[in-house]
Amino acid sequence: MPISISRTAAAVSCFSSVSVTEYCPEKIHNVAIIAHVDHGKTTLVDRLLEMTTMTDKKKSEAETGESERRMDSGDLEKERGITIMSKVTRLNWKGATINVVDTPGHADFGGEVERILSMVNGVVLLVDATEGPMAQTKFVLRKALETGLSPVVVLNKADRQTARLYGEVESDLFDLFDALGANDDQLEYPTMFASAVKGWATGCNDEAIEWNENPGNVHADANMAPLLDMILDQVAPSATSDALEEPFALAVNNVGKDNYLGMLATGRIFSGKIKVGTSCVALQRDSESGAAPNAETSKIGGIFVNVGMERVKLESEYACAGDIVTLAGVSCSVGDTITTAAEGVQAPLKTPPLAPPTLSMNFRANDGPLKGQEGTIVASNKVKERLISETENNVTISLEETGESTTVFGRGELQLGILVEEMRREGFELIIAPPEIVVIDGKEPIEEVTVDVDEEYAGTVMTMLTNDRAGELVTMDSDDSGRTRMVFEIPTRGLLGFQSEVARATHGSAVVTHLFLEMRDHAGDLGSGLAKGKLVSMESGKVTAYALNNVKERGILFVKPGDTVYVGMVVGESNRPDEDIEVNPCKAKHVDNMRSVLKDDRYILPPPVLRNVEEMISYMDADELIEVTPNTVRLRKAELDPNKRRRMRKAKTKKK
């Protein structure tokens, strides 16, 4: 997913303009904030905004109604507290322009990082001062080093009492740089210490230790200025003045539509300059030569930049090499190159290769017994159109049409789950088949998994990953706080369903992160201990408390009284690991004229286990489907008829 841009923007007259000095490429610095998930990237960008475009913090909070995480603009981002789409914002500092890109930290959205690194000349590598480098830290750092970028390292959350500021984290980071093949220049990275929450940064280790141990001694004027100064000092300008004389070329990293402006294309200008009204064409990515003879010529209808989450007009007449801008009016796709129709570049700019997908899932319109009762978009062609539109702006998603259904290829269950969640909120009703691992030439994806857990559960986690899931333990370390960190290498298919299981087994103390490592020879079949028996409804109707009181002894419930179920719907997990049990959750108590011995019939029922979309994706079995509607996520058997399911099981048993 490339840089985010609003799909419904205001009219041109509603845009304000950004005031800039004389355009000078040497004063434009593009930098990406990269880190492991939850190490504080978005909060750091908030503080940098407050130092520059939002100098009056209280006024800003009053106007926006929110005091932090301004860059997490989507509903799902706000709800889950994670960055899903990369976003760019513009900072003006000491006469220079800094374009800052906030990137996701979850491995499933690693394609965002791969794409963004081609737009910047430096990175700020953010590392939690307590946790140190984690799985995604290794991924983003490897990509930055391979691109030739030298990072500025920031040890964030240095205000916490658990922060390790006496060299331990720095030593781990240096070892990681060395292991990833950093050159001599890259090994000379500067290190800063910061507390994004408290709003201060310093390049002095002794000062950071003093402020950590004595928070009251933090200088009243301590702020993020040292980090901004460090960026200007360490991140090279995005272009030179000589680049202005070359033909105009912009690499498209995001496309969108506006009701008033038409097509919108966001990206970095690699050479030349452009102004409103110039005729341009789009060169398709990976094409051998320039524009096709019939390539559509368009005029630039507007040039905009992002300040915070607001898109504003660029006041200067020209947008020049090195800057990140949004052009209105040019029809193109992500990865294309926009150039002038006259005397433009002859070949598209090269874009970095992306890591291959690891999972695929089959999408189709809902065909279940309850179809059309909640959603407003239920036609199969509408589902296909929505998925196709997703690929136009999300280069890490690819499709393959198979009749009435569409196979979607992605990086992991979280990425695909987010796509499903977005579609159901838009009013779609979907049926999703179980995920399948992408196997290429007999090789399957292998993940590196890092698990941080309380020491008492270390053996449990090791057993879970190395037995049935075919994982191999690589390293294991314990610290003085009673936590153990284990690193495993495991087939991607072995991770399906692991997150929810380990959360229950360790009472929520395990922190699991993973990233794609490489393609290897198929590791063989997984263990039989992963099989889950299900409680399957044999009736349709409303769930009753009386029925659930009898069913609860047979396993874990997924439904509650009043829910609507149908024949073949999964209503719980069976306490028999490899056997499905058919139950009647709709049975009502027989009513007669006999008075009950008890004054009231009260049933004590356990709360149902509820899973979100991505948890359901990793939980479902091969013979099941997920039914997704705007209000409900249901698990059901692919074959609803119980008699047909029994015949299928018998046929399968005979084959064995």
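In which sense do β25 and strand β26 (residues 483–491) pair, and over how many bridges? The two strands pair in the antiparallel sense over 6 bridges; two strands count as paired if DSSP finds at least two bridges between them. Helices (H or I, at least four residues) and strands (E, at least two) are DSSP runs, numbered from the N terminus.

This is a predicted model, in which local features need pLDDT of at least 70 and side-chain atom pairs count only at pLDDT 80 or more, while totals for chains, interfaces and linings use all residues. Residues are numbered from 1 along each chain as its sequence is written, and side-chain values use heavy atoms, with hydrogens and water left out.

β25 and β26 belong to an open sheet of 4 strands with antiparallel pairing, in the order β25-β26-β24-β27. Its edge strands, β25 (472–478) and β27 (511–521), each pair on one side only.

Contact means heavy atoms within 4.5 Å.

| Helix | Lies across | Angle |
|---|---|---|
| α5 | β24 (443–454) and β27 | about 50° to β27 |
| α11 (residues 458–466) | β24, β25 and β26 | about 0° to β26 |

Buried means under 20% relative accessible area (1.4 Å probe, protein chains only). Of the 40 residues in this core, V120, L125, L173 and F177 touch the most other members.

Technical notes: A nonpolar core is a set of buried Ala, Val, Leu, Ile, Met, Phe, Trp, Tyr and Cys residues joined through side-chain atoms within 4.5 Å. Buried means under 20% relative accessible area, exposed over 50%, partly exposed in between (1.4 Å probe, protein chains only). Axes are lines fitted to C-alpha atoms, for helices over the stretch in contact, and angles run from 0 to 180 degrees between N-to-C directions.
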